Amino acid sequence: MKVAAKFKADTSKRWLTLDYRPLDVEQQVREFWQTHKVREKLEQLRSTRNNGVLGYVEGPPTLNGLPHVGHARGRVMKDLRYRWKSMQGFYVPFWAGWDCQGLPVELEVERELGVKNKKDLVEKVGEERFVAECKKTVMKYHKEWFEADAKLGVFMNHDKAYWTYRDEYIEREWQYLKRAWEQGLLGEGYYIVAYCPHCQTSLSNAEVGLGYEEVEDPSLYFKLKVKNAQNEYFLVWTTMPFTLVTDLMLAVHPEAEYAKVKVGEETWIMVKQRVELLMEELKVTGWKVAEVVSGKALEGVKYEYPFLEAVLKQRELDQHRLVHTVVTEDFVDVTAATGVVHLAPGNGEDDFWVAKRRNVPVYAPFDDEAKFTADAGEFAGLFARDSDSVVVDLLRKKGLLVSVKTVSHEYPLCWRSHHKLVWLARREYFLWTDKMNSRVVEAAEKVRYFFESPKNRFLSFLREGKPWCVSRERVWGAPLPVWVCQNCGNKELVASKKELMDRADSEPPADFELHKPWVDRLVLKCGKCGGLMKREPFVLDTWHNSGACPYARFSDKEFEKYVPTDFLVEAVDQTRGWANTLLLEHVLLTEKSEAPYRNYLFYGFVLDAKGRKMSKSLGNVLDVNTLLQHYSSDLCRFYTLWKCSPVDSMNFDVKELTKRPFQVLGTLYHLHRFFMQNAEYDHFDPRLHTLKWAEENGVLRPVDRWLLSKLQQAVSECTVKLETCEFNFAAEALETLVVDPVSLEYVPMVRRDLWSDDPETLNRRLTVYATLWQTLRTLVLLFNPFTPFVCEFLYQNVCRTLDNTLPESVNLESWPVPDEVLRNVELEQDFAMLQRVVALSYSARQAAQLKRRWPLQKVVVVVPKDGQRVFRGLEDLFVELANVKSVGYLDELNPPHTEAEEKRWKVASEGDVHVLLDTVRDSRLLGEGVMRDLARRVQALRKELGFAPTDVLGAVFLAELDEETSGLLEPFLGEMAGLVRAGQVRLVRDRSEVKVEWREFSFDDRRVYVAVAQ
Ligand SMILES: [Zn+2]
Ligand SMILES: [Zn+2]
């Protein structure tokens, strides 16, 4: 069956009998959106008729794994913003994008192929097959993401998606490099990079920041003997013993005082302020400070490098004037360890710069697996970190070991493969973004981040301003388009496929694409000498791919129109990731201090119910597609937006979905049902029975005005909170309105008006419908960005059923604007006062054990004079809510005169407001109370038997009530018939008198039998 037909044929009668079943609702709506092409129509509408354009570019998910709830949180926020801004009349190019290349994808494929390392990969699998497998993996995960978006109701345009691996994208991405090349900001250099021995590639600084974890390392104290001195040693500490192989210098702080400490026969040199603590830590007793010298005085002292025999290359290096001597440096920390730092320029960034400045050669004897090469002598073939124990043993043999323990500390692991990173000097390509750092920071400062903590995190990260190592020694990536002449060394950056083809010395194959291995088969002719040019073998950091999307994914015209984008939202770890690379590349491209985004919201992580990080090893990862097989998308959406501030980490507990979120959406649903059942019965027509009509006919009462005022308040509150990205407060504004003013307050206050079907009071009922229509319709619009499924369902089944001139989908509607004319703060305050007093009357009842259903004679309200004025205006309503026959007023509370008086009047107080409740009931009040109790049972029975509230029953029978009760009830049977919507209510002495199906109820310790007949 066509869904459109279903929505039409399925008259309110059918769905109105159902409870809120979100999974059914969502399936119907998904089909409706698809058949009616609602997403397409929305984009079409806003692209042609809009109040402006808000640029957007998708932060592309990496297609190497399943979408989990952490991703869903971000996607829901993106969709919320999109639907909301579209309803406000803006056009947003909400187009998908996919990050397809790079290490994350390669590692996923390696796992699938069972490849251990890069060497295996190239030799056993081959680059062609590997690339094909990467593409397959990308498509496999794309299917999952596509499905997740459909399930979540994310209205992203997937037809316009960009794919970072496509040639046309790569070519435009290259334009960034071209701009950098022209500005002299792209170049090669030896540099210390973080290197993952498993992935066999370097990582950017930003990537290093992604993977800090607590790990164990050796904590080694050792001695280095001062040359030409008797038994004198420097005391040194390290957690990376292997760096002793590449040790070239020691550094001390020039201004600090260093002590020469007598330890037995030996003298140890260390910073003075640490002596006592160190001796204690090393359990050295009987020591004594023999002499104190300045750090400056130690400069140039030569020490004996301990592995001269083991590492021949070091013997050669030792000839250098400064190698194996002490230098002074301000960065030496004298508050930790010994204040004497050993320097291995091939393995540390600071060390590297010390060597560079002094023209000391950098010694980095490592291969691609971070194993020592032949240059490292006896260490050749050992993996760097595996040499730690060898170094310790050697030191021990030479009597240079002081102490070795294990220390637990934060250390960066590879964010993908979780291997400990090592720092190595390697030849790489860099974007020298450090040279334009002030422009970058200035650009970032102009952006709005909504919350302070991620903003500070981002800005302080940017201020570090380190160069960006963009080269990767991998396979599946955008190639670095730099060609080098094998003859004259000339380098050229060729950023166009066509130019490559034109300059190639042979015809490229038909399956040519801008990837390894194909691109490396192109040999170009040198523009200078005519020699052969080969490409530098690197691919680009995958973060460069996604950071290039503002230019790469659009045409030039679109780029002009959509960039800088208006609003981006990604997880908080993207401060070092996408937010950073987007910014750097945009400044490079435009040379302006301008970010490619005006607003950037960083959202917190999603943790499990107990607040633990979700991880494969804990088995607590919730993937979106599995979750949404069993749980409602609307509930998940509402829950993630409502539970906490977007910037906070969120503990996701599926058990909570069915609690408050279900209650809120269930209430919204049932309010519509209640409204629809009544409105249809009275032939309410929203086009005729408008608020204007009610106003003109003078049938709008304070209670209606009050609700309409509350509604305006919620509209402005929700809108303001969406603007400030406090989605939880926006959701709370809606939650509060639905549950309290509408459901718990307004509906009970007008229920009695609706119950009658007297033609004389029809206008009153139509006014209530007009008020509810306005309120519920507005609520559906306000809820739509949060929970689009239930909103579309209610919009079709209620709004469009009553008014078929409305737009085809709720998404094509306009965002509500608060109507100041309908706002009445004074009235809201009056109602707050009324509710306070009604609540007091309830507590007085409770104290007197009198049910709310039982009418009472009188209540006396004790409030100051101006409070009484408020009250008199709302007296009708108060009498009804307090369920009393009359109300009296007093200025102040007088103590009771007699004991009888004290017994009769129950008092409840709050501050200077008091309520006196008359607890005495005569036979009329008792009879009416009985009638109401019984009416409630009949209502329950009606509902149970499946009657709609508007159905009129033929008769209701009550049997086997005692004589006294029957007598009390008798005068109220007519009223009861009206209440339970029956032709008549009849009392029967014995059940056998009438042939009907009796139902037994207990009733104040007694028994009563009830039956209904149609
Ligand atoms: Zn790795
Ligand atoms: Zn040349």
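Trainee: Which residues are the protein donors of the zinc ion (ligand 2)?
Mentor: In this predicted model, the zinc ion (ligand 2) has Cys485, Cys488, Cys526 and Cys529 as its protein donors, each through SG, lying 2.2 to 2.3 Å from the ion.

Trainee: And what is the geometry of the site of the zinc ion (ligand 2)?
Mentor: The site is tetrahedral, with angles of 101 to 113° among its four donor atoms.

Trainee: How are its donor residues spaced in sequence?
Mentor: The spacing for the zinc ion (ligand 2) is C-x2-C-x37-C-x2-C. Cys485 belongs to strand β17 (residues 482-485), whereas Cys529 sits in the loop between β19 (524-525) and β20 (532-535), so this pair ties together parts that are 44 residues apart in sequence.

Trainee: Is Cys485 buried or exposed?
Mentor: Cys485 counts as buried, at 4% relative accessibility. Cys529 counts as partly exposed, at 35%.

Trainee: Turning to the zinc ion (ligand 1), what are its protein donors?
Mentor: They are Cys196 (SG), Cys199 (SG), Cys414 (SG) and Ser417 (OG), at 2.1 to 2.3 Å from the ion. The site is tetrahedral, with angles of 97 to 120° among the four donor atoms.

Trainee: Are Cys199 and Ser417 buried or exposed?
Mentor: Cys199 is buried, with a relative accessible area of 0%. Ser417 is buried as well, with a relative accessible area of 17%.

Notes. Residues are numbered from 1 along each chain as its sequence is written. Chains are lettered from A and ligands numbered from 1 in the order in which they are written. This is a predicted model: local features need pLDDT of at least 70, side-chain atom pairs count only at pLDDT 80 or more; totals for chains, interfaces and linings use all residues. Side-chain values use heavy atoms; hydrogens and water are left out. Donors are N, O and S atoms within 2.8 Å of the metal (3.2 Å for Na, K and Ca); water is not among the atoms, so sites may look incomplete. Four donors count as tetrahedral if all angles lie between 85 and 135 degrees; four count as square planar and six as octahedral if opposite donors are over 155 degrees apart and all others between 65 and 115; anything else is irregular. Buried means under 20% relative accessible area, exposed over 50%, partly exposed in between (1.4 Å probe, protein chains only). Helices (H or I, at least four residues) and strands (E, at least two) are DSSP runs, numbered from the N terminus.
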